Amino acid sequence: MLEDLIKKYLVETAGVDPIKFENPSLKVADLELDSLGLVEMLFEVEDEFGFQVPDPMVFLTMSYAEMVATIEDMVRSHKAGQALVVEQPVEHK
Amino acid sequence: MTKVFITGTGLICPLGSDKSSSFQAALEGRSAIGPSPADIAERLPDVLVARVLTDPATLLDKPYAGLDRATQFALIAADAAMTDADLVMPFEDARRFGVFVGVGFAGAQTLDNLYSRYFRTLADLTQAHKNPSVMHPLSVPRMMANAAAATISMRYGLRGPSNTYSVACASSAAAIGEAFRAIRNGYLDAAIVVGAEAMLNPGALMAWNALRVMAKPDAADPSRSCRPFSLDRSGFVLGEGAAALILESEARSTKRGAVVQAEMAGYGCSSDAQHLTAPSVEGQVHAMEDALHEADLLPDRVAYLNAHGTATKAGDVVETQAIHKVFGPHVHQLAVSSTKAVHGHLIGAGGALEFALSIMAMNSGSLPPTAHLDVPDPQCDLDFVPLKARHGCDIDAVMSNSFAFGGSNVSLLARRPTR
């Protein structure tokens, strides 16, 4: 799942406490990412699906759930309606 | 002007992952030179390399995993030097503590990965749905020339200057010299100096191969392929890694009771101003003489010189002539060796690595040999400590030469501490 990809980065690389994700109204701001952390998080998605998210800063005012849903929409639109299946990492990642 | 002492050393290089194992391998003439990895050997089967076999990422915390390989080497060497010097964060005098880094081709691994990713995505039909221009957002800060200096400054909270010197093969030698002068002239009280290089990747090696300066593989034993000052030399082998030194003013090191490894005594720096790659006796003489002058030492006080010694005919012969000119009749009391025969040419990291080895030679009384020197070139007629280390030497001062493409020459001098 796309959310797993995002969560994996946030927990393992950005050091976000996993307990935070139990809060359904978690905000992106609560993740305490700086601007570089935010674009690095988005790269996990960009690398997987092969497109660049146009304006990372729009996510800063969203809830975490809204951000994930928005990114899912972007991926769907990019893949032109294909089913969301996370592929195996490419060899040169 | 204050005296400047060297109080810490950290190494990760083809000879070993710490300073003791690296120096021991240099003394034993144990070569780290071997074939290239498969992705390079596929196109360049005759290009040899001196690799660091430990993946630096495995020695660092996860936040450093994505950094350029050269920056990772720099961090490991810096950590080792800080520990060796018994320095512990936080630093109350952080504003008086600088970071000086020397790199030749910064970010080479990141840049190669970036191009490789672009073209492989383009060429791979199964990746057709992907835009090949999507790159990691931190690619730029990872490959910028000052990436290592910035990372070290932030890691240790050092708020003095964090400057990067890129002078090809003389990069980290120049960084040491500039740090020395900053402390000597009172601008700083301490500095960490790091030389780092990591460009054993396909793109960089194809470029080096085109320059026709790389050693041809020795058919019987590839590890013997780099033979400085030898009649059958054929060029150098690129290496990778990092070396770090801690420099402190006499007052700072005395106040904290630091163990002093050497006194940083002299720095000479000159430019040939004549040819892109061909060396010049005159330029090299200027660098060595300026270092002696700054140290207020006569040539007869220097007992060991770690030569630039790249195993190119022009380089070896010109350096031999320059050493003759500087040391005159005292040249017969001078031992000279090129350790590049075993650790390869670390370009930007070479100056710091070889200066560190020279200081360990001074303190141990054991001189690393010029390995594989079975057939000396008659035009190179110095005491090159051929084949075997020399032990039990009483050494007051050592010199290390680093001469760069572009005609930049740096000579460094260290001596036993004077109080």
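A residue is taken as buried under 20% relative accessible area, as exposed over 50%, and as partly exposed in between; by this criterion B:R96, at 30% relative accessibility, counts as partly exposed. The model examined here is predicted. B:R96 and B:D189 meet through their side chains in a salt bridge, with a nitrogen-to-oxygen distance of 3.0 Å. Because B:R96 lies in the loop between α3 (69-84) and β4 (97-103) of chain B, and B:D189 in the loop between α7 (171-184) and β6 (190-197) of chain B, the pair ties together parts that are 93 residues apart in sequence. B:D189 likewise counts as partly exposed, its relative accessibility being 23%.

Over all chains, the structure holds 24 salt bridges. In chain A, the side chains of A:R76 and A:D73 form one of them, at 3.1 Å from N to O. These two residues stand three places apart in helix α3 (residues 64-78) of chain A and are therefore separated by about one helical turn. An α-helix has 3.6 residues a turn, so residues three or four places apart point the same way. A:R76, with a relative accessibility of 39%, is partly exposed, and A:D73, with 47%, is partly exposed as well. In chain B, by contrast, the salt bridge between B:E248 and B:R252, whose closest N and O atoms are 2.8 Å apart, is formed by two residues that are both buried. Through shared partners, salt bridges join B:E248 and B:R252 with B:D93 and B:R256 into one network.

The contact between the two chains draws on 19 residues from chain A and 14 residues from chain B. Together the chains bury about 1500 Å² between them, of which 57% is on carbon and sulfur atoms. Two salt bridges are found across this interface, including that of B:R117 with A:D47, in which the closest N and O atoms are 2.7 Å apart. Seven residue pairs are also found in polar contact across the interface, both members having pLDDT 80 or more. On the side of chain A that touches chain B, α1 (2-13) and α2 (35-49) of chain A each supply at least two residues, and the largest share, eight residues, comes from α2(A). By residue type, that side of chain A divides into six nonpolar, five polar and eight charged residues.

Within chain B, helix α1 (residues 19-28) contributes the buried residues B:S22, B:F23, B:A25, B:A26 and B:L27. The buried residues of α1(B) pack against β1 (4-12), α12 (340-343) and α13 (350-364) of chain B. The N-terminal end of this helix is capped by B:D18, a side-chain oxygen of which lies 3.1 Å from the backbone nitrogen of B:S20, while just after α1(B) a positive phi of about 65° is taken by B:G29.

B:D272 is buried yet has no salt bridge, the nearest side chain of opposite charge, that of B:K325, being 12 Å away. When residues up to four places away in sequence are not counted, B:D272 touches B:A278, B:P279, B:S280, B:G283, B:Q284, B:G407 and B:N409.

Note on methods: Residues numbered from 1 in each chain as written. Chains lettered and ligands numbered in written order. Predicted model: local features only at pLDDT ≥ 70, side-chain atom pairs only at ≥ 80, totals over all residues. Heavy atoms only, no water. Contact = heavy atoms within 4.5 Å. Buried area = accessible area lost by both parts, 1.4 Å probe. Salt bridge = Lys/Arg side-chain N within 4 Å of Asp/Glu carboxyl O. Polar contact = N/O pair within 3.5 Å; in protein donor to acceptor, adjacent residues only side chain to side chain. Helix = DSSP H or I, 4+ residues; strand = E, 2+ residues; numbered from the N terminus. Nonpolar A, V, L, I, M, F, W, Y, C, P; charged D, E, K, R; others polar. Buried < 20%, exposed > 50% of the residue type's maximum accessible area, 1.4 Å probe, protein only. Lys, Arg positive; Asp, Glu negative; His and termini not counted.
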